[in-house]
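Here is a quick walk through the strands, the ring pairs and a surface patch. Have the sequence and the coordinates open while you read.

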Amino acid sequence: MFITYKDIKAAEKLLSLSGKSYWEMVEDAGISIALFMREQLNIQDKNILFLCGKGNNGADAIVAASKISSICNVSIYFIDGEFKTKEGETALAQMPLSVKVLENIDEAVFENADIIVDGIYGIGFKGKLPEKLNPLCQMYNNSQAYKVAIDIPSGVECDTGKYSTFFKPNMTIVLSKKKPAHCVNWANYSCGTIHVIENKVSEVIEDNNFGTQLIDKSNVKIPKHFPWSNKGNNGKLALICGSEQYIGAALLACHSALRTGVGYIYLFSVPKVCNAVNIAYPEVVCIPMKENEFGSIDKSNIKTIFEKTTNCTAIALGCGMGDNIHTQLIVRSIINRSKVPVIIDADGLNSIKDKVNILQNQRNCHILITPHIGEFKRLTKSYVSQNKKSLEDICKEFVKETDVILVLKDFITKIYNNDENIWHFGGNNALAKAGSGDILTGIISGFVAQNIGLVDAVKLALYLQGKTTELLSETNHKLYILPSDMPYYFGRVLKELEEE
């Protein structure tokens with residue numbers, strides 16, 4: 001579980017309503033930081049430099065500096081002048097004379113420091129550091145001192161983990177609970193070693209069920225195949241994908257679905273795609289479809305598709321189908337008539353972008369959509385233009401109104417449904433290549449067909465793809481890794497999960 005900026009602010013507000021002032025929260029945080037430094041950082045008689053901003057992150061730093069000043073040599077440099085919070089003013093007023101306030105700072109100050117504490121910006125920071133801080137940031141990063149960030153390194157965004165120029169620490173002391181920046185796959189680089197300090201805010205978060213679930217090996221489960229099971233017991237997946245222009249999309253989706261353990265895969269596509277898949281993966285049952293003038297599946301095949309998917313346990317469509325009127329009619333027919341779960345990606349989503357209300361109609365199936373940010377914005381164009389809320393709130397409202405499960409793909413992939421929201425931080429930027437989405441659609445649909453539940457299937461699929469990418473990155477450069485490499489390594493990750 002982790003918390004966002006919004007969660008923290010809600011928890012602090014509740015705590016203040018219960019009678020605990022914001023100053024008391026700052027004081028508690030500062031004391032906790034000081035206690036941690038005393039116990040873990042061997043600060044006795046050391047030279048400790050605190051860099052303080054004018055917000056409450058800086059106030060936390062002042063309290064911590066004050067509490068350790070009796071056992072070490074503490075100096076403070078204020079970055080932006082006067083505090084803008086009452087808590088900061090209170091902390092400054094109570095700061096003992098033993099804390100030395102620096103009027104200026106240069107490389108000699110950094111060279112003299114044993115430990116440097118970054119209390120400049122906190123979880124509210126967004127965007128880029130002011131250019132005026134670049135020289136200070138460079139001196140900090142070049143320093144041989146041990147560097148500690150309070151809650152979040154200055155220059156790193158709390159809810160995304162993104163950064164440009166930033167103060168790079170050896171360690172980050174996290175207050176209350178981990179935030180997204182502490183969970184992203186590059187957190188070891190941007191935050192260093194992470195230590196979490198629980199406090200009163202943590203208790204409020206737990207008592208009020210703030211926070212969001214993240215996907216890890218503790219909450220994913222693989223399909224159970226009994227020793228006496230046969231292919232008919234292990235699910236039947238219909239993949240409707242590919243076209244003359246996008247043969248590769250069908251190949252990738254078929255390969256990844258095959259590696260999930262699904263009993264049967266039926267591919268509905270144009271003859272060229274079926275021929276390619278027959279050669280590459282003879283395990284797939286290929287059903288050639290009549291082709292239209294665009295080189296994609298003709299609308300006249302709709303009746304045949306329904307006749308031949310009667311016994312299927314899941315249908316996935318969209319990958320490489322082509323964006324034209326034929327695809328639109330096929331996709332909309334399946335949404336309206338399917339009685340089994342439907343997974344829609346890529347051109348399947350493009351096919352309903354001008355008729356998104358079709359998702360709000362009465363239907364007999366569960367629908368799961370897997371857009372990246374751009375596809376989601378196109379899909380909800382008219383909806384978003386009338387709504388000035390955040391993308392996060394729009395996603396939640398969209399899911400509530402359409403009753404779909406939304407898997408929003410990005411460097412942090414988020415699952416939205418009416419019951420819960422789940423984030424996935426795994427994988428890395430080796431996935432930022434064409435074809436990764438086709439692989440994911442194949443994995444998700446393969447697991448959905450095995451009846452483990454849509455959300456559980458997505459969680460397992462994201463974990464499997466992310467872990468496989470990390471595994472490949474151990475011995476290969478990320479630039480080198482291809483989406484088509486991934487299915488060959490699914491078995492190692494699945495084996496590890498089974499043994500866990």
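## A patch on the surface

Is F294 buried, partly exposed or exposed? F294 has a relative accessible area of 49%, so F294 counts as partly exposed. The cut-offs here are under 20% relative accessible area for buried and over 50% for exposed, with partly exposed in between, using a 1.4 Å probe and protein chains only. Before going further: this is a predicted model, where local features need pLDDT of at least 70 and side-chain atom pairs count only at pLDDT 80 or more, while totals for chains, interfaces and linings use all residues. Residues are numbered from 1 along each chain as its sequence is written, and side-chain values use heavy atoms, with hydrogens and water left out.

F294 sits in the loop between β11 (285–288) and α12 (302–308). Helices (H or I, at least four residues) and strands (E, at least two) are DSSP runs, numbered from the N terminus. Together with I325 and L329, F294 makes up a nonpolar patch on the surface, about 270 Å² of accessible area in total. A patch takes residues with over 30% relative accessible area and no salt bridge, joining nonpolar side chains (Val, Leu, Ile, Met, Phe, Trp, Tyr) within 5 Å and like charges within 9 Å. The salt bridge in that rule is a side-chain nitrogen of Lys or Arg within 4 Å of a carboxyl oxygen of Asp or Glu. Areas come from the Shrake-Rupley method with a 1.4 Å probe, and for residues only the protein chains shown count as cover.

## The seven-strand sheet

Seven strands line up as β3-β2-β1-β4-β5-β6-β7 in an open sheet with parallel pairing. Its edge strands, β3 (100–102) and β7 (193–197), each pair on one side only. Two strands pair if DSSP finds at least two bridges between them.

Within this sheet, β4 (residues 115–119) and β5 (residues 146–150) run parallel and are joined by four bridges. I116 has K147 in β5 as its bridge partner.

## The ten-strand sheet

The other open sheet has ten strands and mixed pairing, in the order β8-β17-β16-β15-β14-β13-β12-β9-β10-β11. β8 (213–214) and β11 are at the edges with a single partner strand each, so one side of each has no neighbour in the sheet. β13 (residues 342–344) and β14 (residues 367–369) run parallel with three bridges, and I343 stands opposite L368 in β14.

Now for the hairpins. β15 (residues 405–408) pairs with β16 in the antiparallel sense over three bridges, with four residues between the two strands of the hairpin. L408 has K414 as its bridge partner in β16. Another hairpin runs from β16 to β17 through four residues; these strands are antiparallel too, with four bridges, and Y416 is partnered by N421 in β17. On β16 (residues 413–416), T413 and I415 point one way and K414 and Y416 the other, and all are buried.

## Ring pairs

A search of the whole structure turns up 13 aromatic pairs. The rings of F2 and F425 have centres 5.2 Å apart and planes at 80°, so this pair is edge-to-face. Rings of Phe, Tyr and Trp (its six-membered ring) pair if their centres lie within 6.5 Å; planes under 30 degrees apart are stacked, over 60 edge-to-face, and the rest tilted. F2 is in the segment before α1 (5–17) and F425 in the loop between β17 and α18 (436–448), so the pair ties together parts 423 residues apart in sequence.
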